[in-house]
Amino acid sequence: SNPNANLFKTRIIEAYKSDKVDFGGYYIGCVFGCGAGCIMGFMVDVRDGRIYDLPLGEENMCFWNLDNNVCRANSKLFISSICKEEDNSKTAYYKAYVWNEDNKIFEKTNGKDFIVKKD
């Protein structure tokens, strides 16, 4: 169901065997490094086995913390981090996406819509 997934069949099958839904109520995620600090991933729908891309890759990753993406089993919100090195310091920024179940796509959302600043 996803032409890109054919290149990572073993990784996806191993994740699927875990039988652990970890996103959106019906999806098992598979996140892995793809070389030179790159991170990518897929998610498998446990209802029909269809495979979808996660919003990762070169523009949505953190070189020094490849596991710095957030999702929950009961949520359709996926947060990826982008890391920047500025003035000899490392800073993480975040991009948020909401899974549109009807259209089967991730839609980028404004971080201000879901982040609450604590005083």
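What follows is a conversation in questions and answers about this structure.

Author: This is a predicted model, in which local features need pLDDT of at least 70 and side-chain atom pairs count only at pLDDT 80 or more, while totals for chains, interfaces and linings use all residues. Residues are numbered from 1 along each chain as its sequence is written, and side-chain values use heavy atoms, with hydrogens and water left out.

Reader: How much of the protein chain is made up of buried residues?

Author: A residue is called buried under 20% relative accessible area, exposed over 50% and partly exposed in between, with a 1.4 Å probe and protein chains only. The protein chain has 119 residues, and the share of them that is buried comes to 34%.

Reader: How many aromatic pairs are there by the ring rule?

Author: Rings of Phe, Tyr and Trp (its six-membered ring) pair if their centres lie within 6.5 Å, and planes under 30 degrees apart count as stacked, over 60 as edge-to-face and the rest as tilted. Among the residues that ring pairs link are F23, Y27, Y52, F78, W99 and F106, which form a cluster. By this rule the number of aromatic pairs is eleven.

Reader: Is the pair of F8 and F42 stacked or tilted?

Author: F8 belongs to the segment before α1 (9-17) and F42 to strand β2 (residues 38-45), so that the pair links distant parts of the chain, 34 residues apart. F42 has a relative accessible area of 0% and is therefore buried. The ring centres of F8 and F42 are 6.0 Å apart and the planes stand at 40°, so the pair is tilted.

Reader: Which residue has its charged end over the ring of Y26?

Author: Y26 lies in the loop between α1 and β1 (27-35), and because its relative accessibility is 37%, Y26 counts as partly exposed. A charge sits over a ring if NZ of Lys or CZ of Arg is within 6 Å of the ring centre and within 35 degrees of the ring normal. Here the charged end lies 3.8 Å from the centre of the ring, and the residue that carries it is R47.

Reader: Which residues do salt bridges that share partners join into one network?

Author: K104 forms a salt bridge with E101, with the closest N and O atoms 2.4 Å apart. E101 counts as buried because its relative accessibility is 17%, while K104 is partly exposed because its relative accessible area is 25%. Salt bridges with shared partners make one network of D45, R47, E101 and K104.

Reader: How many salt bridges does the structure hold?

Author: Another of them joins E14 and K17, whose closest N and O atoms are 3.5 Å apart. Both residues lie in helix α1, three residues apart, about one turn of the helix. K17 is exposed because its relative accessible area is 59%, and E14 counts as partly exposed because its relative accessibility is 47%. The number of salt bridges in the structure is four.

Reader: What is the phi of D19, a residue that is not a glycine?

Author: Most residues other than glycine have a negative phi. D19 is found in the loop between α1 and β1, and D19 is exposed because its relative accessible area is 63%. Although D19 is not a glycine, its phi is positive, at about 55°.

Methods. Helix = DSSP H or I, 4+ residues; strand = E, 2+ residues; numbered from the N terminus. Salt bridge = Lys/Arg side-chain N within 4 Å of Asp/Glu carboxyl O.
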